[in-house]
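Work through the exercises below with the model open beside you. Try each task before reading its solution.

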Amino acid sequence: MKVANQGWINGLIGVIIFAGSLPATRVAVMDFSPTFLTAARAAIAGLLGLFLLLLLKQQFPAKRDWLALFYVAIGVVIGFPLFTALALQYVSAAHTIVFVGLLPLSTAIFGVLRGGERPNVNFWLFAVLGALIVFIYMIIQSGTWRFGYGDIFMLLAILLCGFGYAEGGKLSKHLGGWQVICWALLITLPVMLLISYLYMPADFAQISNAAKLGLAYVSLFSMLIGFFFWYKGLAQGGIATVGQLQLLQPIFGLMIAAVLLHEQVSVAMFAVTIAVIACVACAKKFA
């Protein structure tokens, strides 16, 4: 099998894993605080990442890579998990998944800013159109021109995640796919362990099994294993091509939210997701 085809397969596996992140987070925050959930998932994944780095005797990254790894940590280890957990206290998983349709665009924009690319006017036309569709949807849903807390938190989450993806995509080309997320997790591990201890629930017996499973999923799959496939796919098939697989994530996410959480996926949510996907696909084509 060609390396490029392997990249598409690995990228698709990563996207499917990430699609379960928001529904799993939705379940977990019913019993865990957003602060504990953010720290605990990073601490658990960080300990496993440290074990892998030691087991496989990985050399330390070059000095020039540490700042970029710090950016990855800020974006995908801290920023996205924290703000999605905060958002899911106010809105449903299905509602937040609509915002995920903007993630490929966010990644592309930060790729432009960090990589010095110069997309043409058509790119920005579709980029603005996609953002406008989401903006109008939020206004219609809330009945006001003000964003709700959940919407604001999700916008911040998407911005930070796009930033982390762009930095991680660059690093994976020479540092290695799984190594990127493991080193990024290691940077935050001491702080995350401390925060996990300080915000740990007083009695885990009072935590539902569903919430515990949600924590396990976002720790093992969303925070670690998913990145193994995702960054490897980017390295094998190219960021610009394999990155488009993110466009499938909202569809997978809505299906998971409907089947596992029994959340209502309205026609409007589905239509907005499809429209945003179309806009992002066109924007990526002209990038």
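This is a predicted model: local features need pLDDT of at least 70, side-chain atom pairs count only at pLDDT 80 or more; totals for chains, interfaces and linings use all residues.

**Exercise 1. Overall fold**

Task: Describe the secondary structure of the protein and decide how compact the protein is for 287 residues.

Solution: 
- Start with the elements. The protein has 13 helices and 0 strands.
- Read along the sequence. The pattern is α-α-α-α-α-α-α-α-α-α-α-α-α.
- Compare the radius of gyration with the globule rule. The protein has 18 Å, close to the 19 Å that the rule gives for 287 residues, so the protein is as compact as a globular protein of that length.
- Along the principal axes, the C-alpha atoms fill roughly 45 × 45 × 35 Å.
- Of the 287 residues, 50% count as buried. Among contacts with a separation of 6 or more, 90% join residues 24 or more positions apart.

**Exercise 2. A helix pair**

Task: Classify the packing of helix H8 (residues 149–175) against helix H10 (residues 209–237).

Solution: 
- Two packed helices are described by the angle between their axes and the distance between the axes.
- Apply them. The axes of H8 and H10 come within 9 Å and cross at roughly 60°.
- Assign the hand. The crossing of H8 and H10 is right-handed.
- List the contact residues. H8 supplies Gly 164, Tyr 165, Gly 168, Gly 169 and Ser 172. H10 supplies Phe 227, Trp 230, Tyr 231, Leu 234 and Ala 235.
- Sort these residues by type. The contact of H8 with H10 has 6 nonpolar, 4 polar and no charged residues.

**Exercise 3. The setting of Val 15**

Task: Is Val 15 buried or exposed, and which residues does Val 15 touch?

Solution: 
- Locate the residue. Val 15 lies in helix H1 (residues 3–19).
- Buried means under 20%. Val 15 has 1% relative accessibility, so Val 15 counts as buried.
- Find the partners, leaving out residues up to four places away in sequence. Val 15 touches Trp 230, Leu 245, Gln 246, Leu 248, Gln 249 and Phe 252.
- Link back to the helix pair. Trp 230, a partner of Val 15, is also one of the H10 residues that meet H8.

**Exercise 4. A backbone angle**

Task: What is the phi of Lys 57, and where does Lys 57 lie?

Solution: 
- Read the angle. Lys 57 is not a glycine, yet its phi is positive, about 50°.
- Lys 57 is in the loop between helix H3 (34–55) and helix H4 (63–87).
- Check the surface. The cut-off for exposed is over 50%. Lys 57 has a relative accessible area of 73%, so Lys 57 is exposed.

Note on methods. Residues are numbered from 1 along each chain as its sequence is written. Side-chain values use heavy atoms; hydrogens and water are left out. Axes are lines fitted to C-alpha atoms, for helices over the stretch in contact, and angles run from 0 to 180 degrees between N-to-C directions. Helices (H or I, at least four residues) and strands (E, at least two) are DSSP runs, numbered from the N terminus. A crossing is left-handed if the near helix is turned anticlockwise from the far one by less than a right angle, and right-handed if clockwise. Contact means heavy atoms within 4.5 Å. Ala, Val, Leu, Ile, Met, Phe, Trp, Tyr, Cys and Pro count as nonpolar, Asp, Glu, Lys and Arg as charged, and the others, Gly among them, as polar. The radius of gyration is taken over C-alpha atoms; the globule rule is 2.2 Å times the number of residues to the power 0.38. Buried means under 20% relative accessible area, exposed over 50%, partly exposed in between (1.4 Å probe, protein chains only).
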